[in-house]
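Me: I would like a close look at a single part of this model. Please keep it brisk and connected.

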Amino acid sequence: MNLYRTELHRFMRRRLTLLFGLCSLVGLLLLAFMVAATSRNAPTPDELAFAEEQAAMYQADLDRCRAEEDYFEQEWGYNANADYPELGHAEVCEELLAWGTDPVDHYPYGVFRFAEDGVLILIGVTIVAGLLVMLLAASLIGAEWSSGGMSNLLVWHPNRWKVWGAKLGAALTMCAAAVGALLALAFPLFYAAAALRGEVGELDAQWWEGALAVLARTAALTLGMTVAGSALAMLGRHTAVAGGVIAGYLVIGDLLVRLAGMAFKVQYPDLFSLYTWVTVWIIGDTQLYSYTDLPEEMSDPMTLTIPAAGLLIGGVVLVLTALATWSFTRRDVT
Amino acid sequence: MPPVIEISGLRKTYQRLLRQPHHALDGLDMEVAAGQVHGFLGPNGSGKTTTLRALLGLIGTDAGTMRIFGEEVPRRLPRVIARIGAVVESPQFFKHFSGRLTLQILAESTGIPATRVDEVLEQVGLRDQAKQSIKGYSLGMRQRLAVAQALLKRPELLVLDEPANGLDPAGIHHMRALLQWLAHDQGTTVLVSSHLLSEVQQLCDSMTIVSRGRRITAGKVADIIAGHSSAHLSVRFADPGLIRDAAAALTDAADGVSVTTEPERLVVTGAPEAAWVTKTLADAGLYLSELTAETKNLESVFLELTGTAPRDGRAVQVGQPAPDAPTTPAETDGQTGDEDR
């Protein structure tokens, strides 16, 4: 426990931590200001009336589709039901005609709506906070290796399992605290921006359930990122190694993996992209379409689910952590 | 009383790609008795720091056993680590932390009270620089801070790698006094690795000299120096022209006496005693102006034992024996080397 508190203390007292904290705070305030400044005001009564009228027309169209089996032949000139053999007619109508039935769909462009746009911004804030803590954690461990501080620490605490555990615990605590603090600050900021210069929208129980689930998964992702960053720094024994691997993957690694998948005619090359799985984990179940099928004989899309994404991302983090643990507990400290 | 540190047959080999493996430790033995300042000497690359790292669990070894306070290390090192303070090489600290914060964090990690931090800062002479960022510390100040962190635990065993590194003369003097006080007044056992041979000679009670990963001698410092000193007498005359006659008189007077003439003096080896030289020369009508006994210092003993003295103006390469030196360090010293085998 002492060691964990010490690691936490050291984490908080680093200049880079203070710098990143300050930058996050300023960045958040700046973003909220820009959102408020660039948002159009909430729709005027005339604009609202127009949007509601449009939505009513779309709703009528949808209702008609549900009621008439040959709606698509009449209106579109072909039977769209054939494209969705697994769905019933009403579900196909929902799939194809649901957009526009909400007045929001017809609002003037540029209105910041907290109920929709706010969640995306909060996801972004969470991911940026996670990236910063990941870099901080990697830098703390990397700097200790490159400076010789690790050797000094191990002379005090020879049990390497405890040292590694304390470091991971401190990094995870910092990540949770940073993400929690930034979200707690971002929520009222963007809510206020929407209330002042846009529209808040309806934050009903369903909204809260969906938003909290998405943000909880994103926060969990940042914890995984922090562990992965720490593990890479522990494996490479230098901040630059961890930073290089992360930046290398984010910038070109992912692209290369996708290109290789396409070159080898892999049916779903997106499967090899970590971005795909991260998106599924945050946004929800997603369908992948085959790259190799001819248009006339398209195979069924592959559905990636949240549990599958969780397992894969968790597996990657686990493998990195296991390697780092093995390396730290077995390799010489020179 | 059993030794505080016992090392036996320690081996550490670094495998190298496409090159011969490097034997950093090649069956090293060492013992450090309680309450002493023990010097650990050896040329560069002889395995001193490797030994200390192995002892403190920082690196693994391929063979051999190590015990500290009777506990086998590194397996049971966590049981005794609270009794050990150590500085291995020149430890670096976070540059933007102050000296006090650095020590506070370490103290906090093992539950040492914060008051102890000020005590050790005072002990190593860093009280007035405690709040200063380490970035502004000189090498000597960092070294003092490193020693301070080793003292935090009130250790029963202090392991210091080159503690005088970077210290000014006053700092070296202070460090020597501190370590001797710890050992002789507080009962702390101190193991010091150092290259400053004159410092070791003044500071240490006993020592171990290693070369190429093996112990080549060990014992009390005075005994080792005495064991490798032969009686050399330097004789000078007011008139250097008498040197040749004096050399002849001495060599004719007794068997086993050898004399080396130099332009300003002659060096007599194998004389029964200094008075014999005085009398023999006086009997021959030669009156000397100066007679001094030349005893070896630790440096010359060290160079002789480790075979690292430059030969014909050429430096001996790190990890290599001198061109005409024996092939194994043990062979350089039959008397003390044998006791280690």
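In which order do the four strands of the open sheet in chain B run, and is the pairing parallel or antiparallel?

Reply: A caution to begin with: this is a predicted model. The order in the open sheet of chain B is E2-E1-E4-E5, and the pairing is antiparallel. Strand E2 (19–32) and strand E5 (71–73) of chain B form the edges. Each has a single partner strand, so one side of each is left without a neighbour in the sheet. Neighbouring strands are turned by 30° against each other on average, direction ignored.

Take the pair E1 and E2 of chain B. Strand E1 covers residues 5–16, and nine bridges join E1(B) to E2(B). The two run antiparallel. Within this pair, Arg16(B) stands opposite Arg19(B), which belongs to E2(B).

A helix packs on this sheet as well. Helix H1 of chain B, residues 48–55, touches E1, E2, E4 (63–68) and E5 of chain B. The direction of H1(B) makes about 110° with that of E1(B).

Now the setting. Chain B is divided into domain 1 (5–222) and domain 2 (230–294). The centres of these two domains of chain B, taken over C-alpha atoms, are 47 Å apart.

Chain B also meets chain A. The contact takes 25 residues from chain B and 22 residues from chain A. On the chain A side, helix H1 (2–13) and helix H7 (149–156) each supply at least two residues. H1(A) gives the largest share of that side, seven residues. By class, the chain A side has eleven polar, six nonpolar and five charged residues.

Methods. Residues are numbered from 1 along each chain as its sequence is written. Chains are lettered from A and ligands numbered from 1 in the order in which they are written. This is a predicted model: local features need pLDDT of at least 70, side-chain atom pairs count only at pLDDT 80 or more; totals for chains, interfaces and linings use all residues. Domain bounds come from an automatic or database domain assignment. Two strands pair if DSSP finds at least two bridges between them. Axes are lines fitted to C-alpha atoms, for helices over the stretch in contact, and angles run from 0 to 180 degrees between N-to-C directions. Two residues are in contact if their C-beta atoms, placed from the backbone, lie within 7 Å. Ala, Val, Leu, Ile, Met, Phe, Trp, Tyr, Cys and Pro count as nonpolar, Asp, Glu, Lys and Arg as charged, and the others, Gly among them, as polar.
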